[in-house]
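Visitor: I would like to learn how to read a structure one feature at a time. Could you take me through this one slowly?

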Amino acid sequence: MQETRFIPKAYTSSIENGSFTWSSPSNIALVKYWGKKEHQIPENPSVSFTLDNCKTTTTLSFSKKESSDDFSFDVFLDGDKKDDFKLKIEAFFKRIEAYLPFLRDYYFKIETSNTFPHSSGIASSASGMSALALCLMSIEEELDVDHFDDYFFQKASFLARLGSGSACRSLEGDLVVWGKHDEIDGSSDLFGVKYPFEVHQNFKNYQDTILLVDKGEKQVSSTVGHNLMYGHPFAQERFKQAHENLSSLISVFKEGDLDTFIEIVESEALTLHAMMMTSMPYFILMKPNTLEIINKIWSFRKKTGSKVCFTLDAGANVHVLYPKNESKQVCGFIKNELVAYCQNGHYICDRIGFGAKQLTIEN
Ligand code: DP6
């Protein structure tokens, strides 16, 4: 599939001003995206659970300008003007302007807020970029463009990817695949798609409690992180492994095989960190408390037969994943044994969600 499919033909309507609001969730990868080629093309396919409570809400107000020279916009986080976000948004606009030719015609006010604290160590780029991409697509929809089925969400995901790779998995629920995989129909390097096959009841309503071990800024930015995979001695094996893990997950999801799920998900998390430990330069992004938590989860599982497991982002925080029917038992365990390892005792309870929502339509 070609990028050119997302370049619109001439718009047939015009609009002077208006405003759209979208709320978009974060997501947690089970098979990780780590390594990319030019133009935000992933080196391997990934799959994620869409989250429910961790979200960004963005209102995009727009008014037509006199001239279509530079991009013109302001960004606000929780009502405060954030000029330091402008560089990132400007770079995003540059990347997507071929696909949204109206971008230079308007002044935009971007007002955004997150349900999770900015300094929680939870990346807001997936929820933030997907919410913004959806607002922009709402504008394009008003301009009346010829389109194919699924155009709105597919193109929104395509645009979100150009803002931040994992953002393309944050529009729909509850399981999303991004990256071409031979056995997954419709999968693409260009956008995320809903996982198309059967998913066992065991994986419905999965819970994710995020333990905030380190709430500081990311030690390694994702751009630096992905770049570490260039010339990495284990890169090709790792990309191959991601394809294999995704293949294995197809039958795991179908059969509800929680033991194999745990094996794949924990191995993916540790492999992601292993890639960072074995790159040049090398990084250790786990903290001592990350390891304490992992060991506690392993002994709890051994002692009780629970199906709780963990996954990690490119940082020290731990996502504790468990089936809904174990909520009571696992929440007790988290409160009694794991919260002590969180910074200021902070954690966030989340679960699988069903994707982004449009909140208001004002025109
Ligand atoms: C470890 O999507 O943040 O969370 O494309 O550079 O914005 P950019 O990277 P980003 O990378 C996320 C990496 C990850 C794994 C994942 O979500 O698959």
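Visitor: How many Å separate a polar side-chain atom of serine 164 from an oxygen atom of the ligand?

Guide: Before the answer, please keep in mind that this is a predicted model, in which local features need pLDDT of at least 70 and side-chain atom pairs count only at pLDDT 80 or more, while totals for chains, interfaces and linings use all residues. Residues are numbered from 1 along each chain as its sequence is written, and side-chain values use heavy atoms, with hydrogens and water left out. A polar contact is a pair of N or O atoms within 3.5 Å; within protein, one must be able to donate a hydrogen and the other to accept it, and residues adjacent in sequence count only if both atoms are side-chain atoms. Here, a polar side-chain atom of serine 164 lies 2.6 Å from an oxygen atom of the ligand. For lysine 36 the corresponding distance to a ligand oxygen is 2.7 Å, and for an N or O atom in the side chain of glutamine 40 it is 3.3 Å.

Visitor: How much of the ligand does the protein bury?

Guide: The size of an interface is often given as the accessible area lost when the parts come together. Accessible areas come from the Shrake-Rupley method with a 1.4 Å probe, and for residues only the protein chains shown count as cover. Taken alone, the ligand exposes 460 Å², and the protein buries 93% of that.

Visitor: Which residues around the ligand come nearest?

Guide: A residue is near a molecule if one of its heavy atoms lies within 4 Å of it. There are 15 residues around the ligand, of which Tyr33, Ser164, Gly165, Ser166 and Arg169 come nearest. By class, this shell has five nonpolar, six polar and four charged residues, where Ala, Val, Leu, Ile, Met, Phe, Trp, Tyr, Cys and Pro count as nonpolar, Asp, Glu, Lys and Arg as charged, and the others, Gly among them, as polar.

Visitor: Why is the ligand said to lie between domain 1 and domain 2?

Guide: Domain bounds come from an automatic or database domain assignment, and here the chain is divided into domain 1 (3-197 + 354-362) and domain 2 (201-351). Both domains give residues to the shell around the ligand, so the ligand lies between them. The C-alpha centres of the two domains lie 26 Å apart, and their contact (heavy atoms within 4.5 Å) takes 37 residues from domain 1 and 41 residues from domain 2.

Visitor: Is serine 46 buried or exposed?

Guide: Buried means under 20% relative accessible area, exposed over 50%, and partly exposed in between, with a 1.4 Å probe and protein chains only. Serine 46 has a relative accessible area of 0% and is buried. This serine lies in strand S4 (residues 46-64), a strand being a DSSP run of E with at least two residues and a helix a run of H or I with at least four, numbered from the N terminus. The side chains of serine 46 and arginine 169 are joined by a polar contact of 2.8 Å.

Visitor: Where does isoleucine 89 lie?

Guide: Isoleucine 89 lies in helix H1 (residues 86-96), and at 9% relative accessibility it counts as buried. Glutamate 90 also has its place in helix H1, but with a relative accessible area of 30% glutamate 90 is partly exposed. Leaving aside neighbours within four places in sequence, isoleucine 89 is in contact with Phe73, Val75, Ile110 and Leu132, while glutamate 90 touches Phe71 and Phe73.
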